[in-house]
Amino acid sequence: MSSTRSKILSVGTYIPENLWTNDDLKKLMDTSDEWIQQRTGIRQRYWAHESQSTSDLALSASEQAIERAGIEKSKIDLVILATLSPDHEFPGTACFLQAKLGLPGIPALDVRQQCTGFIYGVSIADQFIRTGMYKHVLVVGAEIHSKGLNRTTAGREVSVLFGDGAGAVVMAAVDVRDPAKDSCVISTHLFADGAFAKELWIPAPGSSYPIAARMTHEMIDQGLQWPQMNGKTVFVHAVKRMPEAVLTALEANRLQVSDIDLFVFHQANLRINEMVAKQLGIPAEKVFNTIDRFGNTTAATIPIGLNEAVAAGKLKKGMLVMSAAFGSGFTWASSLIRW
Ligand SMILES: CC(C)(COP(=O)(O)OP(=O)(O)OC[C@H]1O[C@@H](n2cnc3c(N)ncnc32)[C@H](O)[C@@H]1OP(=O)(O)O)[C@@H](O)C(=O)NCCC(=O)NCCS
């Protein structure tokens, strides 16, 4: 007996042109290539042009994904966009993307789960497709961090970590006989713990402040409009939660680490991914990292990683690929896909 499942038809990405090496950052702040590489594995990142918005990056990645899927864009039933760097506070950036794609009328949904946003988006698309409600869903992760970072010495602990970019997938309904063997999204596993929401966040502006204090000069002077991060706490939780998410996916599907062909993890810090791999006994050649080239592109990271892995010949049809992510919220998640 066959069942309706979702399958990733294609991946597309957009990487902005402006390359910033670690040495280039020294023009903006007191830092060094050695400090950044030793602690994070990042060598460079790309930052968008001033004229670009997050939905512009999302559009380029989406157009590439749709072209590679070989479908008419009018077949798309739903647009899901994960981002923590929206074009505007409201409406959702998926609405701007939907208009730029020229797809009036179809639903447009923003996902605000930060570094975990893309897996949340894939999971939502998977549910809509399995129930038969939609046949083709565009899932995008896109970020312009560069315009929202304190790119001075005061903000260096955060600003050196992040890059801009976008990645998109077209997911389609397919008839699957054996979900363990046929090409499809096998399972997704989503988690969050809001008790840690303020460990990595932007405090202001927001509705939690009184009317007169929504955004004051004093708040700007304190830098509350910039991301605030307790780096060590984030690190400690990431190296615990990502292996848990991987193990949950393995147990749900009665698989071992050795059954997985490739791990495409979120890219926050190379040391995090090395510790995750060590705990789980994953050989280095099965972990596909991109952080050295792109930094942390938050919701765009996993689709960019999938695209790069395909281009490098590391991810091929029929392989079992596991992704896991951890980020602000705290949120964390895993996905298991037969490519
Ligand atoms: C941010 C992070 C790389 C810092 O590494 P760390 O090992 O905690 O930092 P260290 O204790 O070695 O260094 C801190 C010192 O470096 C300095 N420093 C911070 N950023 C710096 C930079 N870009 N360049 C140079 N020095 C820097 C600090 O001011 C501090 O100096 P002090 O000791 O004189 O106060 C690490 O905590 C991390 O990666 N955390 C997880 C972050 C993350 O994943 N975020 C995204 C989640 S999705």
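**Ligand shell.** I looked up the ligand's surroundings first. In this predicted model, 22 residues surround the ligand; here a residue counts as near if its C-beta atom, placed from the backbone, lies within 6 Å of the molecule. The closest are Thr31, Arg156, Gly231, Ala268 and Gly327.

I then sorted the shell by element. α2 (33–40), α6 and α8 (231–252) each supply at least two residues. α8 gives the most, with 5 residues. Helices are DSSP runs of H or I with at least four residues, strands are E runs of at least two, and both are numbered from the N terminus.

By class, I find 11 nonpolar, 7 polar and 4 charged residues around the ligand. Ala, Val, Leu, Ile, Met, Phe, Trp, Tyr, Cys and Pro count as nonpolar, Asp, Glu, Lys and Arg as charged, and the others, Gly among them, as polar.

**Domains.** I checked the assignment, which is automatic or from a database. It gives domain 1 (3–176) and domain 2 (184–338). Both give residues to the shell around the ligand, so the ligand lies between them.

The domain centres, taken over C-alpha atoms, are 14 Å apart. The contact takes 48 residues from domain 1 and 43 residues from domain 2; a contact means C-beta atoms, placed from the backbone, within 7 Å.

On the domain 1 side, β1 (3–14), β3 (44–47), α5 (117–130), β6 (136–143), α6 (156–159) and β7 (165–176) each give two or more residues. That side has 22 nonpolar, 18 polar and 8 charged residues.

**Conventions.** Residues are numbered from 1 along each chain as its sequence is written. Local features need pLDDT of at least 70, side-chain atom pairs count only at pLDDT 80 or more, and totals for chains, interfaces and linings use all residues.

Note on methods: Two residues are in contact if their C-beta atoms, placed from the backbone, lie within 7 Å.
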